[in-house]
Amino acid sequence: ALLVSEVEKPDCPPVRLKILGEELVAFRDTDGRVGIVRAYCSHRLAPLYFGRNENCGIRCPYHGWKFNVDGECVETPNVPADAPDIRKKVGIRAYPTHEAGGAVWVYMGPKDKQPAFPAFENTLVPAGQNYVARWLQRTNWSQGLEGEIDSSHISWLHKDFDTENSKKAATGAALADADGAPVIELRETFYGFTYGARRRLGDDFFWRVTQWMAPMFSFIPHAPGDFASAGGRAWVPVDDNHTTVFTFGYRVDRPLSEKELATYASGALFPPRMTRGTFALPGGYIIDTFLPVANKENDFELSREMQQNVNYSGIWGVHDQDRALAESSMTIGDADPGIVDRSQEHLVGSDRAVVTARRRLLRMAEDLADGIDPPMVTNPDAFRARAISKICPIESFDTLLATYADEVRLDPQGGLVTE
């Protein structure tokens, strides 16, 4: 939903959010609990963002009605004392929250079906060993996700001409420049799928194993070798045309170094360079978010000189390169500027992960309409799976997964689908 640092102190100012099309405010109460509630007072529908966060509740500035983190109305001071007590009837919608890995998570499903919190490794490492940030992307959430699970594009869009000084060295992605047509091997899992992009690298193979955890999480490997770190994204729909992107990176062996933290802050990889600000959504609702410095209005700071001499795209940061194409692709029309017209595509073998994700999401939606819940919610340990990267002589993806099973960590009850 948002970063812990955005509501770090009790009684801090509220934060305006929109998730899955629902207008919300988040706040931390006097006792330290985080609430995410409907953005409007139930009395005259005034915005609670302008209210007072005090004494374990957010108070509407219009007539003083006050709501706690559970959405219960606890005070209606403009109602006479001898009038009927209406407080139990005028609460507002509220959602349970959970703090982990530097983020505030929100559960927005049926109360009787709330699952255990997924065991994402980045939320389990000690303090100082993970990083998290968020920002606004002006596309449908699936547009961002599909770019993330498309391994072949890194050989082109993210190519740096000076590989020795490339910021991509820490991710291992620079090694992909030598082979722009990877072989994609994919195995469906209960949580989504794991796939490997295999490239020739001298006499060996360069493998990048990515995890897609349905519907909107992607785990991406770092540099090849023994597993020590990884990263990824969560693509959270604001509405059909806007997405809040969360990026996370973590290490399992030690705290993040000053150099690693400086790389995150630089905007060279993820997150992009950005500033804290507000954004007016269609319809007028304002959200509090982080806005990328490179954007559609300035052509993502495209430099034709850079394109000739420095990198393939002429755009500086890796995510800025991704977002430039994602936000500028052909859409279905002016009414939905964030939704790409997929009917015009011509897909090839390297798009296998994208095609599989689309089919899986459609199948999940159909199942849910028939009352069948997604299977991964019953097994939080399935989300422990890792993204890894290897340089080795192994050509078979199944052999690779078996050889490095202790690193990939596909849970026996949530791993490969064998049907």
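The lining of the largest pocket is made up, by class, of 37 nonpolar, seven polar and two charged residues. In this scheme Ala, Val, Leu, Ile, Met, Phe, Trp, Tyr, Cys and Pro count as nonpolar, Asp, Glu, Lys and Arg as charged, and the others, Gly among them, as polar.

Before going on, the ground rules. This is a predicted model, in which local features need pLDDT of at least 70 and side-chain atom pairs count only at pLDDT 80 or more, while totals for chains, interfaces and linings use all residues. Residues are numbered from 1 along each chain as its sequence is written, and side-chain values use heavy atoms, with hydrogens and water left out.

Back to the largest pocket. Its volume is about 1,600 Å³. Of its 46 lining residues, Val106, Tyr107, Pro215, Met216 and Phe217 lie nearest the centre. Two or more lining residues come from each of β10 (97–100), β11 (103–106), β17 (229–239), β18 (242–251) and α5. Helices here are DSSP runs of H or I with at least four residues, strands are runs of E with at least two, and both are numbered from the N terminus. As for pockets and cavities, the search runs on a 1 Å grid over the protein atoms alone: a cavity is a set of points where a 1.4 Å probe fits but cannot get out, and a pocket is an open set with protein on both sides within 12 Å along at least five of seven lines. Lining residues have an atom within 4 Å of a point. Grid points are joined across faces, edges and corners, and a volume is the space filled by probe spheres set on the points.

Ala214 and Pro215 are joined by a cis peptide bond, with omega about 0°. Pro215 sits in the loop between β15 and β16. Another cis peptide bond runs from Phe270 to Pro271, again with omega near 0°, and Pro271 is in the loop between α2 and β19 (274–280).

The second largest pocket has a volume of about 920 Å³. It is lined by 50 residues, and those closest to its centre are Lys167, Ala170, Thr171, His222 and Leu269. Its lining has 21 nonpolar, 18 polar and eleven charged residues.

Where is the enclosed space? There is one cavity of 30 Å³ or more, and the largest cavity holds about 40 Å³. Its lining consists of Arg16, Leu17, Lys18, Arg134, Val238, Thr244, Ile287, Asp288 and Thr289. By class that gives three nonpolar, two polar and four charged residues.

Leu17 leads us to the packing. The largest nonpolar core has 51 residues, and Leu17 is among those with the most contacts inside it, along with Leu2, Ile36, Ile149, Phe193, Tyr195 and Met213. Helix α5 (residues 352–369) gives the largest share of this core, four residues. A second, separate core of 22 residues includes Ala39, Phe67, Val69 and Tyr285. A nonpolar core means buried Ala, Val, Leu, Ile, Met, Phe, Trp, Tyr and Cys residues joined through side-chain atoms within 4.5 Å. Buried is under 20% relative accessible area, exposed is over 50%, and partly exposed is in between, with a 1.4 Å probe and protein chains only.

Now the cysteines. How many disulfides does a search of the whole structure find? Zero, where a disulfide is a pair of cysteine sulfur atoms within 2.5 Å. Cys41 counts as buried at 2% relative accessibility, and Cys60 counts as buried at 4%.

Leu45, in the loop between β4 (34–38) and β5 (52–53), has a positive phi near 65° without being a glycine. Leu45 is exposed, at 53% relative accessibility. Asn55 is not a glycine either, and has a positive phi of about 50°. Asn55 lies in the loop between β5 and β6 (58–59) and is exposed, with a relative accessible area of 56%.

That is the end of my slides.
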